[in-house]
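Here's a short tour of a protein chain, written for someone new to reading structures. Keep the 3D view open and click along as you read.

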Amino acid sequence: MAHNHSQQKSAPPSCYFFQNKIINIYNHLSASPPLAPTSPYPPSTCSALSHFSLISTSDLPDLLEGMKTSTCSLDPIPSTLVKACLPALSPLITSLINSSLSTGSVPSALKLAAITPILKKSGLDPNIPNNYRPISNLPFLSKLIERTVASQLKSHLTTNNLFECFQSGFRSHHSTETALLRVTNDLLLSSDSGNLNILILLDLTAAFDTINHSILLSRLQTTFNITDRNQFIHINHCKSPSAPLTQGVPQGSVLGPLLFILYILPHGFSVPFSSHLLNLSIFFDQTLSYEHHIKHITKTAFYHLRNIARLRPSLSPQSAETLIHAFVTSRLDYCNSLLYGLPSRLNRLQYIQNSAARLLTRTSSCEHITPVLKDLHWLPIPQRIQFKLLTIVYKSLHNLAPAYLSELLHHHTPTRALRTPAMIGCSFVVDREYFGEIGLLDPGMEVYGGENIELGMRVWQCGGSMEVLPCARVAHIERTKKPYNNDIDYYAKRNALRAAEVWMDEFKSHVYMAWNIPMNNPGVDFGDVSERVALRNRLKCKSFRWYLQHVYPEMRIYNNTITYGEVRNSKASGYCLDQGSEDDNRAILYPCHGMSSQLARYSTEGLLQLGPLGSTTFLPDTKCLIDDGRGRTPSLKKCDAVSRSSQRLWDFTQNGPIINRDTGRCLEVEMSKEASFGLRLVMQRCSGQKWMIRNWIKHPRH
């Protein structure tokens, strides 16, 4: 704040203004009838904090960590110099702190505070003393003593659970948003129960400055650094005479907020009713629609956007973004978790964000805003709200949020058994005789992998059931060294094929497709399965189709597959059709490797899908190759996300062309210096190129 000459002359009387202000408040309180009797302070059942623990020189670095190096006008030497010379000064500083802790007194020189009047809000008249808030600047050593006391006092309050459970100010992991979220939650739950709700708010004038020392001392049962304090007003190089501080605690001190919490802890209040109110900068209304609050945000945000727009021609993109985040985004994000469930009212907030993005990037109003927000990495308003709520939930589950929020979340622990089509792993409980009757574990399986899936199919198909007991706990002690080699993929593949041949009937092709290996001569010796087939017949087990219908209906069915595997072109030996990057949505040519990204599947419908199979309907299915006719590059899209279904349909015969049914163009390969490996896929008039898909299940009807 800039101070002119007249302001400097008026500085000394300001000290008396702050004193007279508190006296007038006290006179008003004493002249008025009591609002309500104060509730007696509940007797404490915990051990009292009878004395402070002394510190050692090794504790000083922790006390200094995070302390600002700003120097008070009362400090004889700069604070930065004290920190720099700490090894030499630490014995003296430690002795001074311990002396104060043991005697319960602080040197009078450290009880003097320099008051800097700060405007409460920007835009207020600086010539009106009532618009200022007195901020205390204390000597550096005084702050060190207060930090020591505050640390031990907080530890005592936390250990003995003495904090008011809903006190959210001046506490770690607490904020205005957590407090408002709990209030809103309670109001909504009560309204859902049909109750009438009344929200009572109390705004204290000069809260820190009106603390009564006698009441505070009776609570603390100590006079440590509270009484016999003095202060003076300091503006630039002008200061007033010092005056005693007979009420209140210094604003800006370390202990001030903690003493205020202890002061108001035992009080009860009664206040008049109001139908519309401002609660921690959030406008509450009777229906919790936050209509007035959203209007207020809209008006304020556009005011700042207009100001930034005037400056935009002279601002760099980084500076403009900083201003937008400071004046606009901060308002959109403040306590936005309260707006969850109000989608119709979020349009105005989204319009603010869109306008800010257009201003920052100089995007025309005719252009789509979604790509702009994506490039800026700005989440839209609904997603910002969801992200905030998920963050609060995570903190609540990991003891990083107030207890009054954590207690609202309950882990879902069902007691009933849950049916499962197969086990995860192979830890289970089973009747010994029954286990023997159904054939134990398949002795033909080797090493590791697949035995749990095989057992699940066998149990269900042969009349049993498999269930998960949520409350059960199983300890798994893993070997430090495996008795088999590291290549377990071969054994997992071998065991999977063995289970498929015995139990999956006409659906066994799914396993061969998933591993991208041919059904004839797969190159994997899965052993003799005749004994397991005989076991299935002896037990009169049901079909795998029954298993899909009654136990595992979520499994994706690919029985319409004609051919699958690697797709090769006669013009590009050694290269296969590949799904490329999942985010790119473009098929490419890549050296053949036989892994899932090169797994193609051509169906009886004419779909040509590329990529790993979607094992269940809960997971995304493999994408379809598309020719939309607008360019020469084929694309990969979700099969149901095309404008015309014929764009995803192809005609194909082995060693023949791949022709799109919608455009009549062929999928072909051409040489290109810009493309990877010098080859790229194109859609063009057919030139006679031939394609081959490696594995056939059934021959096409056309």
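## A lysine over a ring

Let's start with Lys542, which lies over the face of Trp546. The distance to the ring centre is 4.8 Å. Keep in mind that this is a predicted model, so every value here is computed from predicted atoms.

## Rings that pair up

Now look for aromatic rings sitting beside each other. The count comes to 11 aromatic pairs. One of them joins Phe652 and Trp696, a stacked pair with 6.4 Å from centre to centre and 15° between the planes.

Trp696, at 24%, counts as partly exposed.

Rings can also link up in a group: Phe507, Phe544, Tyr547 and Tyr552 are joined into a cluster by ring pairs.

Helix α20 covers residues 530–539, and its buried residues are Arg532, Leu535 and Arg536. Why do they line one face of the helix? Seen down the axis of α20, these buried residues fall within an arc of 100°, so they line one face. There's a handy rule behind this sort of pattern: an α-helix has 3.6 residues a turn, so residues three or four places apart point the same way.

Turn to the face of α20 that points away from the buried side and you'll find the exposed residues Glu531, Asn537 and Arg538. And what covers the buried residues of α20? The cover includes α16 (432–437), α17 (451–461), α18 and α21 (544–550). Just after α20 comes Lys540, which takes a positive phi of about 55°.

Finally, find Met504 in the loop between α18 (489–503) and α19 (509–515).

Which residues does Met504 contact, leaving aside its neighbours within four places in sequence? Its contacts include Met457, Val511, Phe544 and Met555. As for Ser543, it is 39 residues from Met504 along the chain, yet their C-alpha atoms are separated by 7.6 Å.

Technical notes
Residues numbered from 1 in each chain as written. Predicted model: local features only at pLDDT ≥ 70, side-chain atom pairs only at ≥ 80, totals over all residues. Heavy atoms only, no water. Helix = DSSP H or I, 4+ residues; strand = E, 2+ residues; numbered from the N terminus. Contact = heavy atoms within 4.5 Å. Phe/Tyr/Trp six-rings, centres within 6.5 Å; stacked < 30°, edge-to-face > 60°. Buried < 20%, exposed > 50% of the residue type's maximum accessible area, 1.4 Å probe, protein only. Lys NZ or Arg CZ within 6 Å of the ring centre and 35° of its normal. Arc of directions from axis to C-beta.
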